[in-house]
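The sequence and the structure are shown first.

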Amino acid sequence: MRIAVLADIHGNVLALDAVLNDLQQRGGAYITVNLGDCVSGPLWPRETMERLQALNLPTVRGNHDRRVAQDAADETMWPSDRYAQERLTAPQREALLALPMTLDVAPGIVAFHARPDHDEKYLADAIVDGQLVRAPLAAITRRLKSLDPACRLVLCGHSHRNELIRIPGGPVLFNPGSVGCPAYDDDTPPAHVSEQGSPHARYGIVELGNDGRPSRFESIAVDYDHEAAAKQAEQAGRPEWAHALRTGFMKD
């Protein structure tokens, strides 16, 4: 069985379409899983939501999906969340809030946005000198302790960093990277950045063997019209987003 894995689209419908087209050219997938953070960003939140609702993919709720759906639009709201919230319909916001936090994709395969018990804390990452880096294995293992021991594969997003980690005596963890947001900064202490290092739209494919265990992983980077996305961010007054979309970095 072939599973396609999308994460962190962040309202970038151009990147989403490029990924879906690439997947189709590769023969498609038995199931395509969306790991959340669907619309937050100064791009095309409503168009992205409409596309995703038409696709009806198995989807988990990301932290920004929750915030867009229910946070108050005041001075504490993140600008990307406010931009999306203002452009979604009430039913669309309700649909985001109704998404599950975790999803059993197949026997032994679980999907969630960040951690199985939290939508906003990093699973496979640590912050070192203001950058996201891979966390120690012991920390990752501890953060997965709530999972069923029968779990063989964990699908997660949130960090926008591609990861493939085999936990000794436990599951394989796969993060495909971000479809639509190749870099971001977070000023929540300790302030840090995540940078994919290129503007490509990222996604992943997992092949399962006859025994249901993951046998092959692909981490895929797709070119798309990132300049058009960057110009959209500039029109929305977000030059830092435009730079990230063009380069995959927050600063030169």
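## Cysteines

C151 is buried, because its relative accessible area is 9%; buried means under 20% relative accessible area, exposed means over 50%, and partly exposed lies in between, with a 1.4 Å probe and protein chains only. The cysteine sulfur closest to that of C151 belongs to C156, at 11 Å, which is too far for a bond. C38 is likewise counted as buried, at 2% relative accessibility. Its sulfur lies 13 Å from the closest cysteine sulfur, that of C181, again too far for a bond.

The structure holds zero disulfides, a disulfide being a pair of cysteine sulfur atoms within 2.5 Å.

## Basis of the values

The model is predicted: local features need pLDDT of at least 70 and side-chain atom pairs count only at pLDDT 80 or more, while totals for chains, interfaces and linings use all residues. Residues are numbered from 1 along each chain as its sequence is written, and side-chain values use heavy atoms, with hydrogens and water left out.

## Overall form

The chain contains eight helices and 13 strands. These elements are DSSP runs numbered from the N terminus, with helices being H or I of at least four residues and strands being E of at least two. The C-alpha trace spans about 50 × 40 × 35 Å along its principal axes.

Of the 252 residues in the chain, 56% are buried. Among contacts between residues at least 6 apart in sequence, 67% join residues at least 24 apart; a contact means heavy atoms within 4.5 Å.

## Surface and charge

The accessible surface of the chain is about 11,100 Å², and 48% of this area belongs to carbon and sulfur atoms. Accessible areas come from the Shrake-Rupley method with a 1.4 Å probe, and for residues only the protein chains shown count as cover.

There are 26 positive and 34 negative side chains, and the centres of the two sets are 5 Å apart. Lys and Arg count as positive and Asp and Glu as negative, whereas His and the chain ends are not counted. Each charge is placed at NZ of Lys, CZ of Arg, CG of Asp or CD of Glu.

Helix α3 (residues 63-70) is mostly covered, with six of its eight residues buried. The buried residues are N63, H64, D65, R66, V68 and A69. Their cover includes α4 (79-87) and α5 (90-97).

In α4, the buried residues are S80, D81, Y83, A84 and Q85. These residues pack against α2, α3, α5, α7 (226-235) and α8 (239-247).

## Backbone geometry

Most residues other than glycine have a negative phi, and most peptide bonds are trans. D37 has a positive phi near 55° and is not a glycine. This residue sits in the loop between β2 (31-34) and α2 (45-55), and at 2% relative accessibility D37 counts as buried. H160, also not a glycine, has a positive phi of about 65°. H160 belongs to the loop between β7 (153-155) and β8 (163-166) and is buried, with a relative accessible area of 3%.

The peptide bond from P189 to P190 is cis, with omega near -10°. P190 lies in the loop between β10 (183-186) and β11 (192-195).

## Two strand residues

D104 is part of strand β3 (residues 102-106). The residue is exposed, because its relative accessible area is 67%. Leaving aside residues up to four places away in sequence, D104 touches I109 and V110. D104 and V13 are 91 residues apart in sequence, and their C-alpha atoms are 26 Å apart in space.

A221 is found in strand β13 (residues 214-222) and counts as partly exposed, at 43% relative accessibility. Not counting residues up to four places away in sequence, A221 touches H200, A201 and R202. The C-alpha atoms of A221 and S178 are separated by 9.6 Å, with the two residues 43 apart along the chain.
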